[in-house]
Amino acid sequence: WGGALLALLVSLVLCGWLLLYLCGRARLDAQVWRYGRLPLALLVLVQLWVFVQLLDLPRPLVAWLSPQAYAWHVKEGWLSLSLDSAATRYYLLRGCALTAGFFLTLALVNSHDRVKTLLQVLVFSGTFQAAYGAFMVLSGLELGFFVEKYVGQGVATGTFVNRNHYAGYLVMCLSAGIGLLLAQLSRERPRNWKERLRGWLQLMLSPKIRLRIYLAVMVVALVLTRARMGNIAFFSALLVAGALALYAGRRFSWSVALFLASLLLVDMLILGQWFGFEELAQRLEQTHPEQEARVWSNEYTIDYLQDFPLTGSGGGSFYGIFPNYQAPNLEGFHLHAHNDYLEFAAELGIPAALVLASVVCLALWSAYAVQRRRHTPLYRGVGFAVTMTVLWAAIHSTTDFSLQMPANALTFVVILALAFICRALPGGGRA
């Protein structure tokens, strides 16, 4: 019901925009469309492919395109490439909602102020999730989405069920917040100790300090998730994105370097020690990849993929197909693969998965171009946020399935869209 509700709400917004467009009250910025139309077309192409997976095709064609799907079908007459049509229809519904969300971001976030507002909304959402999740753990109430948690007791999960997906959402919101704060950093070097003292006092009294507190709250909640790869992906993405930002800036910025160092040192060592960083470190020390089911289960997912390399088994069909490859020593029911790369490839086929990957690569390139060529502080901050989000997804997706969650997937595509928007919009004012 959650995914269906999300699709309904996005559809209503899309219909509202189309109505305004037909009445001449809304427009699509030509420059934004210039940069955004290719990734949008690629997303639409993937949804068209999922629709093709649902179509009934002649049996010889299915046998040629997907011999394994042909062998497993039991009905007579024409056959579909999808082995689970009901799951694929729902997958298509969600995919269309995500594509519409990407388009609506291009259409509606069409000014400097709207870009800033969107980042602020992401920060507020992440701060609420962080405060709620941390409070439920520290208070012992242990409520999830307003009901008592049935999994994840003792760790922060917010309104999510899975702590890893919660950690992923926090990292995306943290990326937006860090980019917003980077845009507000002063680029001027103080000439003497008086100017430096004045600058520190102004910082303590400015809205920047509130934003810095919001980031600290989100980092605390991230540590409280005890999510190993979520925390590793966050700090790794922060380091790499920070290095790229310093390189793209052409001139070394001490303010940027010191701010990123404060995130790593203050939040990690000081706040982390107060809120159980040692427990997270212990989990990391006790981790042995060869003993982790989420790692060695990928061998069976690869076997699965080898039977459906071109066309996939159908969007959303993993849960029904994987048991055919699951070894007896791999216990439990696997709704998703613990690897987004493999799941997208197994369900959609390798060509469609590469199309999705190309959208992410285009966004990453646009984010780098924004940091390299644009001088507007806010747009450069967005470039950092997109870069960090993509790097987080690239790392975290190797051991989890955060991008299969509608909330995370929609947030991800919205942030990707910002890269193309900030590459196209004219220069704005101060952040």
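Helix α17 passes helix α18 in a left-handed crossing, a term that applies if the near helix is turned anticlockwise from the far one by less than a right angle, with clockwise giving right-handed. The helices here, like strands, are DSSP runs numbered from the N terminus, with at least four residues of H or I for a helix and at least two of E for a strand. In this pair, α17 covers residues 350-373 and α18 covers residues 377-396, and they pack at an angle of about 145 degrees with their axes 8 Å apart; such axes are lines fitted to C-alpha atoms, for helices over the stretch in contact, and the angles run from 0 to 180 degrees between N-to-C directions. On the α17 side the meeting residues are V360, A363, L364, A367, V370 and Q371, and on the α18 side they are Y379, R380, G383, F384, V386, T387 and V390, where contact means heavy atoms within 4.5 Å.

Before I go on, please keep in mind that this is a predicted model, in which local features need pLDDT of at least 70 and side-chain atom pairs count only at pLDDT 80 or more, while totals for chains, interfaces and linings use all residues. Residues are numbered from 1 along each chain as its sequence is written, and side-chain values use heavy atoms, with hydrogens and water left out.

Let me turn to two residues inside helices. Q53 sits in helix α2, residues 30-54, and it counts as buried because its relative accessibility is 0%; buried means under 20% relative accessible area, exposed means over 50%, and partly exposed lies in between, with a 1.4 Å probe and protein chains only. Setting aside its own neighbours within four places, G126 touches Y169, L170, C173 and M218, and its C-alpha atom is separated by 8.9 Å from that of L215, which is 89 residues away along the chain.

Now to the charged pairs: how many salt bridges does the structure hold? There are 3, each being a side-chain nitrogen of Lys or Arg within 4 Å of a carboxyl oxygen of Asp or Glu. In one of them, the side chains of K75 and D56 meet at 3.4 Å, N to O. That pair links distant parts of the chain, with K75 in the loop between α4 (67-72) and α5 (85-108) and D56 in the loop between α2 and α3 (59-65), 19 residues apart. K75 is partly exposed at 39%, and D56 is partly exposed at 42%. Another bridge joins E142 and K149 at 2.9 Å, N to O; E142 counts as buried at 13%, and K149 counts as buried at 8%. R27 also forms a bridge, with D29, the closest N and O atoms being 3.8 Å apart, and here R27 is exposed at 52% whereas D29 is buried at 15%.

Finally, the surface. W1, L5, L8, L9, L12, F145 and F146 form a nonpolar patch with about 840 Å² of accessible area together. Patches are made of residues with over 30% relative accessible area and no salt bridge, like charges being joined within 9 Å and nonpolar side chains (Val, Leu, Ile, Met, Phe, Trp, Tyr) within 5 Å, and the areas come from the Shrake-Rupley method with a 1.4 Å probe, where for residues only the protein chains shown count as cover. One member, L8, lies in helix α1, residues 2-22, and counts as partly exposed at 46% relative accessibility.
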